[in-house]
Amino acid sequence: MADTAALDEVLTSLTASCGRLGFVMSCDPRTGALLRTLAASKPGGRVLELGTGAGMSAAWLLDGMTADSTLLTVEHDEALVAVARRHLAHDARLRSVHGDAGELIGKLVGERFDLVFADTWAGKFDRLDETLDLLAPGALYVVDDLLPQPTWPAGHGPRVAALVDRLLGEERLTATRLNWSSGLIVATRR
């Protein structure tokens, strides 16, 4: 937990791999640092990441997690899964799934997680209720990319606004919007 030199080395290697792939949607370092802190607040926790990308946010999460924590992460893009696994597979706490996040959410019904980072459509815009049902009492739910991004598809702004309204009004959550980094909501399951 929190080996700064090791984390810096992994992040540098991941950044180089992303550059070679032309992948520009990696976790913002400020969001990553927040995820590390949130993961550290859940000793022995079960963490779920929806949307591994190339593994940048997973690296931050792993850096904050205790030795007895676990991280389940899912990504549909095979090239990105390969990058994440190449840089992170040495960590026994990590289970990396190549597949559809929405399908994985459906398979996890009845399970509980202490921290869910929804960084893809499923778990954020799709299958939200099922994802919130995966939260243990007191668990954290985090979404990012809520401020306009160059990677947003046309017409995405109203969908983001609807999600923000939904999460801030969700009875199962106590939520805070952060107009910082890429724009986040951090929520706790009541």
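This is a short tour of a predicted model, stop by stop, with what to select at each one.

Before you start, note that residues are numbered from 1 along each chain as its sequence is written. In this predicted model local features need pLDDT of at least 70, side-chain atom pairs count only at pLDDT 80 or more, totals for chains, interfaces and linings use all residues, and side-chain values use heavy atoms, with hydrogens and water left out.

**Stop 1: two helices**

Select residues 29–40, helix α2, and residues 56–64, helix α3. Helices here are DSSP runs of H or I with at least four residues, strands are runs of E with at least two, and both are numbered from the N terminus. The two axes come within 7 Å and cross at roughly 35 degrees; axes are lines fitted to C-alpha atoms, for helices over the stretch in contact, and angles run from 0 to 180 degrees between N-to-C directions. The crossing of α2 and α3 is right-handed, a term used if the near helix is turned clockwise from the far one by less than a right angle, with anticlockwise being left-handed.

Now show the side chains. On α2, the contact (heavy atoms within 4.5 Å) is made by Pro29, Gly32, Ala33, Leu35, Arg36, Ala39 and Ala40. On α3, pick Ser57, Trp60, Leu61, Asp63 and Gly64. Seven residues of this contact are nonpolar, three polar and two charged. Here Ala, Val, Leu, Ile, Met, Phe, Trp, Tyr, Cys and Pro count as nonpolar, Asp, Glu, Lys and Arg as charged, and the others, Gly among them, as polar.

**Stop 2: rings and charges**

Which residues form the one aromatic pair found in the whole structure? Select Trp121 and Phe125: their ring centres are 5.1 Å apart and their planes stand at 45 degrees, so the pair is tilted. Rings of Phe, Tyr and Trp (its six-membered ring) pair if their centres lie within 6.5 Å; planes under 30 degrees apart are stacked, over 60 edge-to-face, and the rest tilted. Trp121 is partly exposed at 35% relative accessibility, while Phe125 is buried at 16%. Buried means under 20% relative accessible area, exposed over 50%, and partly exposed in between (1.4 Å probe, protein chains only).

Next, select Arg46 with Phe113: the charged end of Arg46 sits over the ring, 4.3 Å from its centre. Arg30 does likewise over the ring of Trp180, at 5.9 Å from the centre. The criterion is NZ of Lys or CZ of Arg within 6 Å of the ring centre and within 35 degrees of the ring normal.

**Stop 3: positive phi**

Most residues other than glycine have a negative phi. Go to Arg127, in the loop between β4 (113–118) and α6 (128–133), where phi is near 60 degrees. Arg127 is partly exposed, at 32%, and touches Gly102, Glu103, Ile105 and Gly106, leaving aside residues up to four places away in sequence.

Then select Ser181, in the loop between β6 (173–178) and β7 (184–189). Its phi is positive too, about 55 degrees, and Ser181 is buried, at 14%.

**Stop 4**

Finish at Thr73 in strand β2 (residues 70–75), buried at 1%. Beyond four places in sequence, Thr73 touches Glu49, Thr52, Leu94, Arg95, Ser96 and Val97.
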